Amino acid sequence: MGKRLSKLKDLVRKAGRWLGSAAAAEPEQTSAVVADRFDTMAWQEVVKAAPALRDLADDLGEKHDYVQDLLADVFLAAYKVPPRVRERSEMAPSRLVNHQVITAMVASPEFEELRRETAGDPYAAAMAVLAQAPELRRLLEHGRRAQEEARRAEEARQEAGQAAQAVVEAMERAGTAAGEDGTVPAPATADVERALQQAQAADEAAQTAADTASAALAAAVPGIRAAVRRAVAQATDCAREEAALMRAWGVGPGQLERMPVEQRARLAERLRTGRLARFAELIGRFRLMASGERARRVEHAPGELVGVTVGDDLARLVPSEVAALGVPVLRAVFAARFAEQQLMLFDQRGEQPSGQGAIIACVDCSGSMADPYGGSGITGEAWAKAAALALLDQAQQAGRDFVGIHFSSAQEVRVFRFPVGASAAIGDVLDFAEHFWGGGTDYQAPLTEAVTLLEAEYNAEGRRRGDIVFITDGECEVGEDWMRDWNEARHLLGFRTFGVAIGSPRTTAPGGVLDALCDNLRSIDDLTDTRAAADLFRVI
């Protein structure tokens, strides 16, 4: 080149490539899924409310780079409707492994199944992230070399960018030093030549690093895809199981949407680990069966006339009773017979009218009820509480109070009230389902409590015809005086008692205590069969 260059334009021509590369915007996206600020806020809020996500990020971050970005992408892919993945060319080289993971996830056949459970639901999307944790750990290990090469490629790209910027700065100095005729002094020319050589070397190093990173990523792709498919399948199974668990316990989608993430996480954990967690499927089947039976019920069906009986149903008076109302001197007699339920009525064969007072479920919580019965693995407690929860639904649908009474020995009675008009809080329902005494068996204490409740309801609101469902696997004697009081209360309050003896046919024998206590009595031998109690939900 000699001591001088004739024109500055010759330097500009040689440095043109580097001047352009320094001015060009390099790809800097660190998130593979396109997100707006509301999506970002949803992720930040769920991380704040879910310590398990923070723990996962800390755990994976000890060995792997850019884990926070990967977890956010996995969340957004499950949460957004629909997710849009950036082009690879938009991504910072260091995040190309993350981009490959998300690309494989969105393309997997299982992904659409997962999104049916998680789209638009930040809690479900967060749980999907946690469910994929084991496979995310494996794929990060599998892609460790690719991630390291990607990091080196990004460092080399940054060094190339700095070298290109050095060319720009050297050219600016050369321009300042150039004379009026465009010639540049030798020292400035030497600076430009040095910067050009360094930029060329840095660019070649960056290209080599990029090629190496691309080859490492290509080698890792099959393993990443396999791990992603396993992760998505596992997350889908977990999401479905939790959704089924919520449905079984009567927690609807609307209720879940209004529930804060932290509260929902605690609820899910309680449902998974509670006393009746492994019987959720039975509870769900009971509720589904009861719902179907309610749809078949016809209240006050006229039916077929089969004779004459006595009672106080004015809709079924025989003509002679109606005629008595037209005779002034007989009206007082009519009123007295009405109060005593001794009016002559047409007897009909047809559906029995459902009750009007409270539905009371008395559940035996003696020690034997916790034992699996008949090789099914289902305990008497699980069957009884599943039936009681279905009765709770029955009461809420019919606009009736529901009361659950857990009983065991004489002093072990606990009452759970669910009044009409108030939505049953899931926490209260779980308290009712999980309480268990584990003592002996006493009939009088829970039935006395039930009568007291029905009597209070009658005195306060004038409602009669309550229904008591008494579920037990044990036998117990009752006193003669107590039995006399029981029959008087039944006559006065008009309630019905349905007895269910779990796995104990002798308890239902004619002339036994339960037979004397109940209007309707049956024995349940197969605890897997919810249909054995189906008729209760048509008449209660």
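**Helix 10 and its partners**

Modeller: The axes of helix 7 (residues 122-131) and helix 10 come within 8 Å of each other and cross at roughly 135°, where axes are lines fitted to C-alpha atoms, for helices over the stretch in contact, and angles run from 0 to 180 degrees between N-to-C directions. Helix 7 and helix 10 are therefore oblique to each other, since angles under 35 degrees count as roughly parallel, over 145 as roughly antiparallel, 65 to 115 as roughly perpendicular and the rest as oblique. Their crossing is right-handed, a label used if the near helix is turned clockwise from the far one by less than a right angle, with anticlockwise giving left-handed. Helices here are DSSP runs (H or I, at least four residues), numbered from the N terminus.

This is a predicted model, in which local features need pLDDT of at least 70 and side-chain atom pairs count only at pLDDT 80 or more, while totals for chains, interfaces and linings use all residues. Residues are numbered from 1 along each chain as its sequence is written, and side-chain values use heavy atoms, with hydrogens and water left out.

Where the two helices touch, Tyr123, Met127, Ala128 and Ala131 of helix 7 meet Gln234, Ala235, Cys238 and Glu242 of helix 10, contact meaning heavy atoms within 4.5 Å. These residues divide into six nonpolar, one polar and one charged; Ala, Val, Leu, Ile, Met, Phe, Trp, Tyr, Cys and Pro count as nonpolar, Asp, Glu, Lys and Arg as charged, and the others, Gly among them, as polar.

In one of them, Glu135 pairs with Arg230, the closest N and O atoms being 3.1 Å apart. This pair links distant parts of the chain, with Glu135 in helix 8 (residues 133-142) and Arg230 in helix 10, 95 residues apart. Glu135 counts as buried because its relative accessibility is 6%, whereas Arg230, at 43%, is partly exposed; buried means under 20% relative accessible area, exposed over 50%, and partly exposed in between (1.4 Å probe, protein chains only).

Another salt bridge joins the side chains of Lys14 and Glu193 at 2.8 Å, N to O. Here Lys14 lies in helix 1 (residues 8-23) and Glu193 in helix 10 (residues 186-248), 179 residues apart. Lys14 is partly exposed at 43% relative accessibility, and Glu193 is buried at 18%.

Definitions and conventions: A salt bridge is a side-chain nitrogen of Lys or Arg within 4 Å of a carboxyl oxygen of Asp or Glu.
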